[in-house]
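Subject: Structure for you to look at

Dear colleague,

I am handing over the structure below, with its sequence, and would be glad if you could read the notes that follow beside it.

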Amino acid sequence: MSELFHVSSSPHVRSKDSTSRIMLYVIIALLPTSFFGIYNFGIRALLLIVITIASCVASEWVFNKIVKKKNTVDDLSAVVTGLLLALNLPAGLPWWEAVLGGVFAIIIVKCMFGGLGQNFMNPALGARCFLLIAFAADMTNFNVTSNGVDVYSGATPLALIKNEGLDSVNVKDMLIGNTAGTIGETSVIAIMIGAIILIMLGVIDLKIPASYIITFAVFMFLFGADRFNMNYVVAELCGGGLMLGAFFMATDYVTSPITPKGQIIFGICCGLLTGIFRCFGANAEGVSFSIILSNVLVPIIEKISVPRAFGLVKEAKKNE
C-alpha cells in the first residue's frame with residue numbers, strides 16, 4: 001500500500017518510456033550533429049566530447065556518493081548534459097576548461113538544486129554561459145588546425161554578417177556546416193535529422209521550436225541589419241546555435257513550460273530575446289542567454305497559461 005504514495009520527482013511524462021529511454025533517444029538524435037562535428041573539426045572535437053561527458057558522469061557519481069544519495073548515473077541525463085555541453089563548445093577549447101564546465105553543469109546547476117527535475121535552467125547552457133563569462137577569449141576562439149594545417153581560421157558566419165554584411169558568407173556552406181563555430185552548431189542538415197528523430201519518437205513536439213524559430217525570423221526580417229531580406233533571415237537562422245538550441249535545449253522537459261499555451265509563449269520569448277541580443281547586443285550569438293532567461297520566466301509563464309477548468313466561473317467582484 002505504501003507504494004501507492006510514492007511519487008517520483010519531475011519531469012513527469014505520461015508514457016511507458018522511462019527517463020533513461022528518453023535520454024537515450026536524445027543521445028541517438030544528437031549523433032548526426034556529433035559525427036558531423038567530429039568530421040568537420042577532427043580528433044580534437046571527439047576528445048572534447050569524450051572528456052566533457054566523462055566529467056559530467058563522474059561529477060554526478062561523486063556528488064551522489066558524498067551526499068549519500070541513490071546513484072542516478074544510469075538515467076543517462078548526465079551523458080546528455082555532457083554531450084550537449086560539448087556540442088556548444090569550440091573544438092579548440094582547452095580540455096581542463098571543458099572539465100570545469102562539466103563539473104559546473106552537474107554540481108552547481110543540477111545537483112545543488114536537487115538533481116534531475118529540480119534545476120531551474122538547462123545545465124549544459126548554464127555551464128556554457130559560465131565558461132563564456134570566465135574564459136571569454138577561449139570560448140570565442142574558433143581557429144581550428146589539423147596536422148599543422150588551418151581547418152578554419154577567423155570569425156564565425158554570424159560575426160562576419162554582423163561586421164561585414166551578408167555578402168561575406170556562403171549560406172549553402174552554413175546549411176551543410178562547412179563553417180567555423182562550435183562543434184555541434186554548424187550543420188543545420190545534421191541538426192534537422194536529429195530533430196526529425198525526436199519528433200518521430202514523440203520526445204518533443206513543434207510548439208516550442210516552431211514558435212521560437214518563427215518569432216526570431218519575423219523579428220530579424222523587421223529589425224535586422226539587412227531588414228526585409230529573406231536571404232539575410234535564412235543566414236541568421238542557419239548561423240550560430242539557434243537550431244540546436246530550439247530543438248534540443250529549449251525543449252528540455254524540466255526547464256520549459258508544461259502547458260501548451262505556455263510552451264508557445266516560451267518559444268516566443270526565446271525568439272524575441274535572441275533577436276534582441278543579435279541585433280542590439282555586442283555578441284553576434286545570444287541563443288544560450290536567451291533560453292536561460294526564458295527558463296527563469298517559466299514559473300510566470302505557467303501561472304498565466306494554466307487552462308481554466310471546465311465549468312469554472314470567475315468569482316464575482318465584491319462591489320457587485
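With a relative accessibility of 56%, F228 counts as exposed, where exposed means over 50% relative accessible area, buried under 20%, and partly exposed in between (1.4 Å probe, protein chains only). Before going further, please keep in mind that this is a predicted model, in which local features need pLDDT of at least 70 and side-chain atom pairs count only at pLDDT 80 or more, while totals for chains, interfaces and linings use all residues. Residues are numbered from 1 along each chain as its sequence is written, and side-chain values use heavy atoms, with hydrogens and water left out.

The surface patch

F228 sits in the loop between α10 and α11 (230-238); helices here are DSSP runs of H or I with at least four residues, strands are runs of E with at least two, and both are numbered from the N terminus. Together with I214, V218, L222, F223, I264, I268, L272, I276 and F280, F228 forms a nonpolar patch on the surface, with about 930 Å² of accessible area in total. Such a patch takes residues with over 30% relative accessible area and no salt bridge, joining nonpolar side chains (Val, Leu, Ile, Met, Phe, Trp, Tyr) within 5 Å and like charges within 9 Å, and the areas come from the Shrake-Rupley method with a 1.4 Å probe, where for residues only the protein chains shown count as cover. Two or more residues of the patch come from each of α10 (207-223) and α13 (260-280), and α13 gives the most, with five residues.

Helix α9

The buried residues of α9 are V188, A190, I191, G194, A195 and L198. Seen down the helix axis, these buried residues fall within an arc of 160°, so they line one face of α9, the arc being that of the directions from the axis to the C-beta atoms. Their cover includes α1 (19-41), α8 (171-176), α11 and α12 (242-249), with contact meaning heavy atoms within 4.5 Å. Just after α9, G202 takes a positive phi of about 75°.

Salt bridges and a buried serine

A search of the whole structure finds four salt bridges, each defined as a side-chain nitrogen of Lys or Arg within 4 Å of a carboxyl oxygen of Asp or Glu. One of them joins the side chains of K110 and E60 at 2.7 Å, N to O, and this pair links distant parts of the chain, since K110 belongs to helix α4 (residues 95-110) and E60 to helix α2, 50 residues apart. Both K110 and E60 are buried. Helix α2 (residues 43-67) also holds S55, which counts as buried at 8% relative accessibility and touches A98, V99 and G102, leaving aside residues up to four places away in sequence.

R278 and E285 form another salt bridge, at 2.9 Å, N to O, and salt bridges that share partners join E236, R278 and E285 into one network. R278 is buried at 5% relative accessibility, and E285 is buried at 12%. By contrast, the bridge between K207 and D205, at 3.2 Å, N to O, has partly exposed partners, with 31% for K207 and 35% for D205.

With best wishes
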